[in-house]
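Here is a short report for a reader who is meeting this structure for the first time. Please look over the sequence and the model before reading on.

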Amino acid sequence: MEHFGYLFATYSIIFVAIFLYVVFIWQRQSRLESEVRALEAKLKALAEPKHESAAAEPGAKPSP
Amino acid sequence: MARKIVTSLGVLSLILVIAALYMVFEYVPTEADEGIVQRIFYFHVPCAWIAFMAFGLVAVAGIFYLWLGGQIWDDLGHGAAETGMLFCTLMLISGSLWARPMWGTWWTWDSRLTSTFILWLLYGGYLMLRVMIDDSRQVARFAAVIGIVAALDVPVIILSVRLWRTIHPAVLVTRQGGHGLEDPRMVATLLVSLAAITVTFAWLFLVRFAELRMGTRLEALARGIALAEVRTGDI
Amino acid sequence: MAAFTAILRKDLRLELRSGQSTIALVALALLVLVVLVFALDPAVARGPETAAGALWVALVFSGMLGATRVLTAESENGCIRGLLLSPADRAGLYAAKLAAAFIFMMVAEAAGVVMMVLFFNLEFDAAMMRVAPVLALGALGFASLATLLAAITSRARASDLMLPLLAVPMYVPALIAGVRASAAALSGAPFSAARDWIGILIAFDVLFVTAGYLLFEHVIAEE
């Protein structure tokens, strides 16, 4: 079984590399998910005060 | 729906990989001249095919981006380039690990390895360019142009390298001509490995692509919210 | 057509006035050749093959420098916006840039050939006539490649790294073919020896001039 080391190394590297790539994508995915949550919170914050200020000062908003 | 496709691709990839590994290590007979190291071939060659195919994808995505617009094409090209780069790297590493026990050297300027190495440099240049340009719309346009031009260049590269190698047979080490597989079991193993690598590529590519799409949509969403914030005077 | 000549004349006139780029190109080619002369083993006889290789190495590096200077001169003072707003058509702009880069490459090549003959013990003979078209084909290929790429890399960070990083792998076929054809020309080999290589050079030039022409508009638009 000469050169078995090279054979083993090659296949291990292939699968470790694929595994690491999946981990890399996974990490970015969770970062994106926290961004989503942050943006959802901002959206909610925008939705509420808008109704209040619209009721209180109808003419105070600057025209877009 | 999309998530189900991706997940089932992942499962299929795992099944095919296990099947391929079984065939590579148990089923296929040992090659007469090269010994057990030759088994590297069954994953090494599909990686090369996938690497070149993926680069074609990058170019096609680039053409569609320049023609139709739409960030989705750029995300497609970007995902294909990253995943293709992964398999290109694996081809080169496995090529080196095969060359060492076979010919006693860590690298040989065999025409296939050389062409794939140039392809690797092209991938690297493409991906580095994406990092080095700050404006996101310019990135997409420039990446598309580079992808197209580089892909058009690849056939010329392959031809010139092959010609270059045939005039230096004595100086540099050559691999045995074509991959002549005498035993049908070897052909079967190669085909199954090719299927395994292809499905794995498709799965990894789709996962990365989905993530890029999400990033694009998030960017648009963030921009919309920032605009809304400005309008309501919150900022 | 008018745009082509106008832009080309402007670039050439600017260069004739200051001569900066030409001097830089020739100087860099000289320096690279000097480095190679000292780096190569003096005991080994240096034939036309080595000379051809050294020449092309020098040309690739000085070409990279020249390309950046010639092709990005406008982006520095915002002049590119003026060019784009003018009625000049993109094809004329591309052709002018390509012609300017080609002329500069040819000047560098002429100087490079002289230095090569001197440094590598060659002769100023009929071989010069045979090598000239090979070098011209190589210069055209490099100029068209660099015209397209420099427009992109000048907008990138680390632009002086990005141009070689992209240009070198793409130029490989022309480099391989060019050196082999030049070596054949210099060593007096018959044309049949160089025929395949010249074919590759021609194919490379056709590919990059065409692709450059078609894609150039996507590369210079400002957002």
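The report below goes from chain B to its interfaces, and then to a few places in chain C.

This is a predicted model: local features need pLDDT of at least 70, side-chain atom pairs count only at pLDDT 80 or more, and totals for chains, interfaces and linings use all residues. Residues are numbered from 1 along each chain as its sequence is written, while chains are lettered from A and ligands numbered from 1 in the order in which they are written.

**Chain B**

Chain B has six helices and zero strands. Helices (H or I, at least four residues) and strands (E, at least two) are DSSP runs, numbered from the N terminus. The C-alpha atoms of chain B fill a box of roughly 75 × 40 × 30 Å along the principal axes. Of the 235 residues in chain B, 44% are buried. A residue is buried if 20 or more other C-beta atoms lie within 10 Å of its own, exposed if 12 or fewer, and partly exposed in between; C-beta atoms are placed from the backbone.

Trp107(B) sits in the loop between helix H3 (71–103) and helix H4 (111–132) of chain B. Trp107(B) is partly exposed, because 15 other C-beta atoms lie within 10 Å. Leaving aside neighbours within four places in sequence, Trp107(B) is in contact with Ser96(B) and Ala99(B). Two residues are in contact if their C-beta atoms, placed from the backbone, lie within 7 Å.

**Interfaces**

The table gives the residues in contact for two chain pairs.

| Chain pair | Residues in contact |
|---|---|
| A and B | 28 residues of chain A, 29 residues of chain B |
| B and C | 27 residues of chain B, 25 residues of chain C |

On the side of chain B that touches chain C, H5(B) gives the most, with 17 residues. By class, that side of chain B has 20 nonpolar, three polar and four charged residues. Ala, Val, Leu, Ile, Met, Phe, Trp, Tyr, Cys and Pro count as nonpolar, Asp, Glu, Lys and Arg as charged, and the others, Gly among them, as polar.

How do two helices meet here? The axes of helix H5 (residues 136–166) of chain B and helix H8 (residues 191–220) of chain C come within 11 Å and cross at roughly 175 degrees. Axes are lines fitted to C-alpha atoms, for helices over the stretch in contact, and angles run from 0 to 180 degrees between N-to-C directions. H5(B) and H8(C) are therefore roughly antiparallel, a term for angles over 145 degrees. The residues of this contact divide into 15 nonpolar, two polar and two charged.

**Chain C**

Helix H2 (residues 20–39) of chain C has 20 residues and should span 28 Å at 1.5 Å a residue; its end C-alpha atoms are 28 Å apart, which agrees. The expected span is 1.5 Å times one less than the number of residues. Among the buried residues of H2(C) are Leu25(C), Ala29(C) and Leu33(C). The buried residues fall within an arc of 130 degrees seen down the axis of H2(C), so they line one face of the helix. The arc is that of the directions from the helix axis to the C-beta atoms. On the other side of H2(C), Gln20(C), Ile23(C) and Phe38(C) are exposed.

Most residues other than glycine have a negative phi. Asn121(C), not a glycine, has a positive phi of about 55 degrees. Asn121(C) counts as exposed, with 11 C-beta neighbours inside 10 Å. Ala158(C), also not a glycine, has a positive phi of about 50 degrees.

Definitions and conventions: Parallel < 35°, antiparallel > 145°, perpendicular 65-115°, else oblique.
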